[in-house]
Amino acid sequence: MTAPLTSLLRRLAAPAAAALLALSLTGCGYNDFQRLDEQTKSAWSEVLNQYQRRSDLIPNIVATVKGEAAFEQDTLTKVVEARAKATSIQATPELINNPEAFNKFQQAQGELSGALSRLLVVSENYPSLKANQGFQDLRVQLEGTENRITVARNRYIKSVQDYNVLARSFPSNLTAMVFSYQVKPSFTVQNEAQISTPPAVDFNKK
């Protein structure tokens, strides 16, 4: 085989090899992993945005409630402590690839949800708070934020589900093994139950 012919074959082989590699990566789900990973990160960012929005509302709520004479200090303290615990966790994009860190994050947010729920229920026992327009405005903002959190969490759960199905299905699971794509953690049933459990409040307590 002459040198010019060998050189020509080599030049033709390189694009052909690249094309075959691209086809093999597409067929094994590599591109889908990239798309779904970005989709999951985007959904997670929205969850964090809504949690941050809620966290930003809490100081104003606490300040308003503090103005209420004889308001249950224990209830207020638990909200402040739960917020401090939730905000102490660095919620980076990498957190969604660390099941242990993700679990700690969701537990902290669940505790904050429970503490806020108790505060709002207790506030019903104080007529002056119920008549306080500033407090009621903050309450409406908080309820709206909780709804947005639910929507954002559901979007994240769906994104993680799509990603994890790809990571566990054949033949894309082989790609996951080669590139070390691990299944991503999601919000748990236990956490949902904790958040949705109505708080026990003694309205006879003064």
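**The aromatic rings**

Author: Happy to! This is a predicted model, and it holds 13 aromatic pairs. Let us begin with Trp 44 and Tyr 156, whose rings form a tilted pair, with 5.2 Å from centre to centre and 50 degrees between the planes. This pair links distant parts of the chain: Trp 44 belongs to helix α2 (residues 30-66) and Tyr 156 to helix α6 (residues 133-168), 112 residues apart. Are these two residues buried or exposed? Trp 44 counts as buried because its relative accessibility is 2%. Tyr 156 has a relative accessibility of 0%, so Tyr 156 counts as buried too.

Now turn to another tilted pair, Phe 71 and Tyr 126, with ring centres 4.9 Å apart and planes at 40 degrees. Here, too, distant parts of the chain are linked: Phe 71 lies in the loop between α2 and α3 (73-87), while Tyr 126 lies in the loop between α4 (99-123) and α5 (127-130), and 55 residues separate them. Phe 71 and Tyr 126 are both buried.

Back to Trp 44 and Tyr 156: they belong to one aromatic cluster, together with Tyr 51, Phe 102, Phe 105 and Phe 187. Phe 187 also has a charged neighbour, as the charged end of Arg 153 sits over its ring, 3.9 Å from the ring centre.

Terms used: Residues are numbered from 1 along each chain as its sequence is written. This is a predicted model: local features need pLDDT of at least 70, side-chain atom pairs count only at pLDDT 80 or more; totals for chains, interfaces and linings use all residues. Side-chain values use heavy atoms; hydrogens and water are left out. Rings of Phe, Tyr and Trp (its six-membered ring) pair if their centres lie within 6.5 Å; planes under 30 degrees apart count as stacked, over 60 as edge-to-face and the rest as tilted. Helices (H or I, at least four residues) and strands (E, at least two) are DSSP runs, numbered from the N terminus. Buried means under 20% relative accessible area, exposed over 50%, partly exposed in between (1.4 Å probe, protein chains only). A charge sits over a ring if NZ of Lys or CZ of Arg is within 6 Å of the ring centre and within 35 degrees of the ring normal.
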